[in-house]
Amino acid sequence: MKFSYVSHLYCPKCSKTYSTEEENHLCACGSPLLVTYNLDELRGKFTADDLLKRAPDLWRYHELLPVRQNNNVISLGEGMTPLVDLPALGKDMSIPRLLMKDEGVIPTGAFKARGAAVGVSKAKELGVKELAMPTNGNAGAAWSLYAARAQMSSTIIMPVDAPSITRNECALSGANLFLVNGLISDAGKIVAEAVKEKGLYDVSTLKEPYRIEGKKTMGLEIAEQLNWKLPDVILYPTGGGVGLIGIYKALQELKELGWIESDEQMPRLVAVQSEGCAPIVEAWEQGLHESSFWENSETIAFGINVPKAIGDFLVLDALYETNGCAIAVDDDSLLQEQQRTAELEGAFVCPEGAASFLAARKLREKDWIKEDEQVVVLNTGAGIKYPDTVNFEVPTLEPGDSI
Ligand SMILES: *Cc1c(COP(=O)(O)O)cnc(C)c1O
Ligand SMILES: [Zn+2]
């Protein structure tokens with residue numbers, strides 16, 4: 001048995017193919033590249049039951065990941081996060097079969113660890129010594145820490161107002177860290193120039209084809225945790241949309257492999273954004289296949305503050321093909337939802353996750369989600385990574401006071 005059944009890279013726009021044995025970024029036509037596998041060869045040789053003997057991390061799916069050699073795997077044990085029942089919150093929003101895929105418990109406290117683990121491992125396999133990326137915080141933290149574990153150096157540029165904890169994570173890892181007085185798109189331009197001049201390996205969102213494969217494992221896990229049945233709806237807080245594209249890709253591969261029955265309905269995928277940055281929602285409402293740059297974007301849910309995603313057409317296609325939708329929520333209401341989730345379920349979710357719970361509530365109110373449907377919400381990170389979003393006045397006692 002081979003460790004990986006990776007075949008090659010292909011362009012979803014113009015179908016040109018590329019090798020996974022050398023560095024490749026975007027297609028010559030400007031599109032991101034996707035990884036394809038020899039599923040025909042794998043089918044039958046390896047079954048879902050074989051997984052049962054494996055460790056509970058994302059490398060349990062190594063046949064469906066792009067790293068060819070086991071010894072290139074850089075891991076901190078990421079993956080196989082809990083799929084948790086939320087009966088009280090579900091009752092409150094009248095979705096009794098509400099589930100949370102909780103990415104808050106993964107190394108670095110956000111699901112970006114998945115993309116970083118697979119991306120850094122593949123970079124190591126390709127002989128990369130120095131990587132570079134723009135980030136809104138969590139990705140930079142994950143990639144710089146995984147790069148450190150791979151003894152690779154990293155250059156990270158993030159907006160000055162990105163969550164300060166992510167800045168510290170990068171700095172602690174020994175990254176060459178810079179802040180930019182602007183947005184992730186401004187950071188991206190500076191990185192692009194540095195990549196050209198210094199020959200750094202560009203791991204910007206979707207300019208590197210393997211991050212998506214790491215994020216894909218969320219979809220593999222959801223399917224495995226539901227015993228190879230699919231939920232009716234999956235809601236995902238969408239910035240660059242990599243997770244959503246990845247989940248969709250995972251479910252398609254599982255169908256092709258036969259681990260999911262071919263007549264099993266695909267879940268309706270929902271892209272959740274903030275009203276302060278909703279380019280995908282705007283495009284979806286107009287029935288378009290590409291989004292436009294969102295001017296002056298702003299939201300407390302920093303991970304989804306992406307004014308123009310390079311893979312927007314892949315996100316939109318996934319929404320159309322699954323009869324999904326895109327929906328925007330406002331910052332104040334998502335903070336209330338964050339509090340409700342903590343009060344009702346003891347789950348301190350990140351603002352992006354809270355946005356997705358709020359979106360589920362709203363879609364239920366519109367009857368877009370039916371009461372008997374099984375709904376999975378991705379909580380993409382831990383609430384404790386965003387201490388500044390919570391402000392309470394708490395009474396202070398003097399020693400000897402009673403309450
Ligand atoms: C990056 C990020 C997102 C958005 O992820 P994409 O796959 O880029 O859409 C959502 N939530 C959190 C916490 C993030 O860090
Ligand atoms: Zn192309």
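## The antiparallel sheet

In this predicted model, three strands make an open sheet in the order β2-β1-β3, with antiparallel pairing. Strands here are DSSP runs of E, at least two residues long, and helices are runs of H or I, at least four residues long; both are numbered from the N terminus. Two strands pair if DSSP finds at least two bridges between them. The edge strands are β2 (17-18) and β3 (34-37), and each pairs on one side only.

Strand β1 (residues 6-10) pairs with β3 over four bridges, in the antiparallel sense. Opposite H8 stands T36 of β3. Opposite V6 stands Y37 of β3. On the β2 side, two bridges join β1 to β2, again antiparallel. There, Y10 has T17 as its bridge partner. β1 and β2 form a hairpin with six residues between them. In its turn, S15 has a positive phi of about 70°.

## The parallel sheet

Strands of a sheet pair through backbone hydrogen bonds, either parallel or antiparallel.

Strand β7 (residues 153-159) runs parallel to β8, and five bridges join them. I156 stands opposite L177 in β8.

## The ligand site

Ligand 1 has 17 residues around it. A residue counts as near if one of its heavy atoms lies within 4 Å of the molecule. K112, Y236, G239, G241 and T380 come nearest. By class, the shell holds six nonpolar, eight polar and three charged residues. Gly counts as polar in this scheme; Asp, Glu, Lys and Arg count as charged; Ala, Val, Leu, Ile, Met, Phe, Trp, Tyr, Cys and Pro count as nonpolar. β10 (233-237) and α8 (242-257) each supply at least two residues of the shell.

A side-chain N or O atom of K112 is 2.8 Å from a ligand oxygen. A polar backbone atom of G239 is 2.7 Å from a ligand oxygen. For a backbone N or O atom of G241, the distance to a ligand oxygen is 2.6 Å. Taken alone, ligand 1 exposes 380 Å², and the protein buries 97% of that. These areas come from the Shrake-Rupley method with a 1.4 Å probe.

The space taken by ligand 1 is the largest pocket. On a 1 Å grid over the protein atoms alone, a pocket is an open set of points with protein on both sides within 12 Å along at least five of seven lines. A molecule sits in one if more than half of its atoms lie within 2 Å of its grid points.

## Basis of the values

Residues are numbered from 1 along each chain as its sequence is written, while chains are lettered from A and ligands numbered from 1 in the order in which they are written. Local features need pLDDT of at least 70, side-chain atom pairs count only at pLDDT 80 or more, and totals for chains, interfaces and linings use all residues, while side-chain values use heavy atoms, leaving out hydrogens and water.

Conventions: A polar contact is a pair of N or O atoms within 3.5 Å; within protein, one must be able to donate a hydrogen and the other to accept it, and residues adjacent in sequence count only if both atoms are side-chain atoms. On a 1 Å grid over the protein atoms alone, a cavity is a set of points where a 1.4 Å probe fits but cannot get out, and a pocket is an open set with protein on both sides within 12 Å along at least five of seven lines; lining residues have an atom within 4 Å of a point.
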